[in-house]
Amino acid sequence: MSRYINTLQALPASEQQTWVTVAALVLAVVLLLLWLEWRHFRRQHKAGSWLALRMVSLLAAPLAVLTVLGPARAVSGMESLAVFYGLLLTAGPLIWFGSHFGVGRRLSPALSSGECLALALSGLLVFGLPGFALFQAAGPLEAAARHHEDNPGTPGTPVPLAHAVQPLQRFNMPVAGAVFAQSLIAPPGLRLERVDERSGELWQDTAGYDHPAFCRQGHDLHLMWTAREQAPRLRLHWVGADGQRQVAEHQPAPTEDSAPEFALGFRPDGFDVAAPVARIRVFFALTRGADGKPNYIALGNAMQAGERLQDECLMPGYRRAAWEREGPALAVALVFRHPGGTPRMAEFFRSGP
């Protein structure tokens, strides 16, 4: 908790105000619901019973949550999901509603069954709303905390990038227009642990997310983006050959140099690209439809023997393991999705029949 408090204190004043406003709104809604409940039961001369049952709610809520989450976390895989839903539909409601009915009916003055049910249902909102708000805030807070920890307030000497930065290349590509490409080659012994990408004011860990502007091949990185897109701003976390962990940033500066056409060559067993491309941008076709248009297949969904799941790039010299059975590729398409615009697809066709 102190980690998140320190993170909030380090945020700009405008962002702090946003978090405070949201928290105040949630608190106001909860207090309004409790006031309306108290007002109703005071008129029924049952304010004391209402308060006693709400104290029971404070105990029943964490007990029900622990009863559901505890056993579910003790197992893994699909069994964990089955245990979670099983307890959510059985033990959780039994504890929550049972405690309200069991205690409410024994208070003096006693609450009716309808009043016990109403308080149990409204209690789900009273306690569930803050819980839902915390759940929604967990992701942004974690991202902000990581950004704060990786960017201390006292700047030090920038760490030089260990990767060898290759010259920036510019190409002209059909439909996509000007395209930039650059490679970062890791030295021997380096282990790339994490790559963050700048998103707005925060750094986002790219693990598990699509990031078409760059791809990772082993411990190397290959960047490609169009002139319509912002150049990717990356932060690399690595362990060097000496075992020391280091962090450094990289953002290429686009060039206005003359640009050759982006070349894509077809071979019987595969195809060659002029520069590495993220696999999630690449589609290829082995057949044509009745209308003569290529039947495109996503390259990322068509991995074959010898291709590693952790390799994210289409590299020059790409070869299909089953090319003799599949036949040569008829077409290749590279897709660029521009923010706020329609996707642009650059198509390359094999000459001949």
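Let's start with Phe284: this residue is buried, with a relative accessible area of 1%, where buried means under 20% relative accessible area, exposed over 50%, and partly exposed in between, using a 1.4 Å probe and protein chains only. Please keep in mind that this is a predicted model, in which local features need pLDDT of at least 70, side-chain atom pairs count only at pLDDT 80 or more, and totals for chains, interfaces and linings use all residues. Residues are numbered from 1 along each chain as its sequence is written, and side-chain values use heavy atoms, with hydrogens and water left out.

Now, what does Phe284 pair with in S14? Its bridge partner there is Ile297. Strands here are DSSP runs of E with at least two residues, and helices are runs of H or I with at least four, numbered from the N terminus. Two strands pair if DSSP finds at least two bridges between them; S13 and S14 have four, in the antiparallel sense. Zooming out, the open sheet has four strands in the order S14-S13-S17-S18, with antiparallel pairing. S14 (294-298) and S18 are the edge strands, each pairing on one side only.

On to the rings. Phe, Tyr and Trp rings (the six-membered one for Trp) pair if their centres lie within 6.5 Å; planes under 30 degrees apart are stacked, over 60 edge-to-face, and the rest tilted. That rule gives seven aromatic pairs. One of them is Phe262 with Phe348: the centres are 6.0 Å apart and the planes at 50°, so the pair is tilted. Phe262 sits in the loop between S9 (245-250) and S10 (264-267), while Phe348 is in S18 (residues 344-349), so this pair ties together parts 86 residues apart in sequence. Both count as buried, Phe262 at 5% relative accessibility and Phe348 at 9%.

Our Phe284 has a ring partner too: Phe271, with centres 6.3 Å apart and planes at 45°, so that pair is also tilted. Phe271 belongs to S11 (residues 270-273) and Phe284 to S13 (residues 282-288), so the parts they tie together are 13 residues apart in sequence.

Cys215 lies in S6 (residues 214-217) and Cys313 in S15 (residues 313-314), so they tie together parts 98 residues apart in sequence. Cys215 and Cys313 are both buried.
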